[in-house]
Amino acid sequence: MDQPIRSVPEMESFLRCRDLPSYYRDKEVNRRNLDFINTATLHSIQAKAHMLNTFDDIEAPILSHLRSYCPNLYTLGPLNALLNTLRSSTTTKFSSSLPVSSNASLYAEDRSCMTWLDGQPKKSVVYVSFGSIATVSRKQWLEIWYGLINSGHRFLWARRPDSLLLEDGEENQIQAEIVEATKERGYMVDWAPQEEVLNHPAVGGFFTHSGWNSTLESMVAGVPMVCWPHLADQQINSRYVSEVWKIGMNMQDDSDRITVEKLIREMMVDKRDELMKSASKVAEMARRSVGREGSSYRNYEALLEFIRKSCLIYKLA
């Protein structure tokens with residue numbers, strides 16, 4: 001799995017087999033998932049235009065290759081930040097504060113965690129969330145929990161009720177010792193207002209599944225990451241976070257409590273300064289891209305013009 005892959009343009013120096021999206025891990029070429037991806041890719045380049053939730057400053061080399069296949073390609077990301085820019089044109093007339101949440105949650109948010117964060121020191125909390133799809137075995141779940149507690153850092157864990165996988169006959173019983181330790185420096189909710197959490201001054205790190213939305217939200221907030229990818233694009237997202245953008249660490253596959261503890265401490269203490277420096281730089285680029293003169297904002301306006309002209313041509317035809 002650590003064998004390097006040299007055939008992907010602009011990724012020759014860091015791409016490994018284990019960094020490929022999960023659907024490429026089939027041992028046989030003729031598999032349904034690979035067929036679907038192949039067909040979807042071939043059809044996608046036939047579109048008249050493409051919108052991507054990314055921004056030019058972090059993916060310029062890749063985008064130049066994509067544009068040779070898709071000339072009308074509009075990078076509009078981070079979309080959550082672009083939405084805030086578009087909203088600000090109206091909200092600033094009535095308020096000096098800008099929104100930080102696109103409120104696109106799939107679950108009911110428990111806002112009690114915001115009150116808990118208000119009482120924590122600056123940059124002291126690790127926010128933990130593995131997204132809306134990933135599931136975790138009971139054994140791995142406990143290893144993560146112990147690792148968080150043993151790290152000695154405060155943590156806020158957004159833990160979906162359906163995220164825990166229990167084997168037949170396996171009970172969801174939690175040792176009293178970790179429940180008690182969590183009361184001292186941890187807080188758990190079923191779901192959190194993630195953008196607001198990441199932008200809260202008490203949050204100093206993000207333990208994430210490396211979903212692209214979460215990655216972008218963390219970039220905008222300038223929060224370093226420990227990445228634990230599960231499926232689809234998450235593997236390669238986490239590799240970019242650790243090796244290209246230098247804003248986090250990559251934790252591959254199942255890991256024990258010792259690994260979790262080590263990486264949390266590196267993110268929050270040992271490598272804190274260098275990670276924060278890179279994260280702040282990326283955050284500035286992300287925010288600049290969605291500003292009125294930024295690349296994503298200009299692409300948004302160009303996309304609207306492209307749609308208007310396309311509609312006019314269609315109407316005249």
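**Notebook: salt bridges, a buried helix and a pocket**

I began with the charged pairs and counted 15 salt bridges, taking a salt bridge to be a side-chain nitrogen of Lys or Arg within 4 Å of a carboxyl oxygen of Asp or Glu. The model is predicted, so I note that local features need pLDDT of at least 70, that side-chain atom pairs count only at pLDDT 80 or more, and that totals for chains, interfaces and linings use all residues. Residues are numbered from 1 along each chain as its sequence is written, and side-chain values use heavy atoms, with hydrogens and water left out.

I looked up Asp-2 and found its side chain in a salt bridge with that of Arg-18, at 2.8 Å from N to O. This pair links distant parts of the chain, 16 residues apart, with both Asp-2 and Arg-18 in the segment before H1; helices (H or I, at least four residues) and strands (E, at least two) are DSSP runs, numbered from the N terminus. Asp-2 is partly exposed, with a relative accessible area of 48%, whereas Arg-18 is buried at 14%; here buried means under 20% relative accessible area, exposed over 50%, and partly exposed in between, with a 1.4 Å probe and protein chains only.

Next I took Lys-183 and Glu-180, whose side chains meet in a salt bridge of 3.9 Å, N to O. They sit 3 residues apart in helix H6 (residues 176-185), and so are separated by about one helical turn. An α-helix has 3.6 residues a turn, so residues three or four places apart point the same way. Lys-183 is exposed, with a relative accessible area of 61%, and Glu-180 is partly exposed at 44%.

Lys-271 is partly exposed at 33%, while Glu-266 is buried at 11%. Salt bridges that share partners also join Asp-2, Arg-16, Arg-18, Asp-19, Arg-239 and Glu-243 into one network.

**Entry: helix H8 and Glu-217**

I then turned to H8, where 9 of the 10 residues are buried, so that the helix is largely enclosed by the rest of the structure. Among the buried residues of H8 are Trp-212, Leu-216, Glu-217 and Met-219, and H8 is followed by Gly-222, whose phi is positive, near 70°.

Which side chain of opposite charge is nearest to Glu-217? I found Arg-87, 11 Å away, and Glu-217, though buried, has no salt bridge; Lys and Arg count as positive and Asp and Glu as negative, with His and the chain ends not counted. Leaving aside neighbours within four places in sequence, Glu-217 is in contact (heavy atoms within 4.5 Å) with Asn-80, Gln-194, Glu-195 and Leu-198.

**Entry: the largest pocket**

Last, I looked up the largest pocket, which has a volume of about 1,700 Å³. A pocket, on a 1 Å grid over the protein atoms alone, is an open set of points where a 1.4 Å probe fits, with protein on both sides within 12 Å along at least five of seven lines, and lining residues have an atom within 4 Å of a point. Grid points are joined across faces, edges and corners, and the volume is the space filled by probe spheres set on the points.

The lining has 35 residues, of which Met-11, Tyr-23, Tyr-24, Ile-62 and Leu-66 lie nearest the centre of the pocket. H2 gives the most to this lining, with 7 residues.
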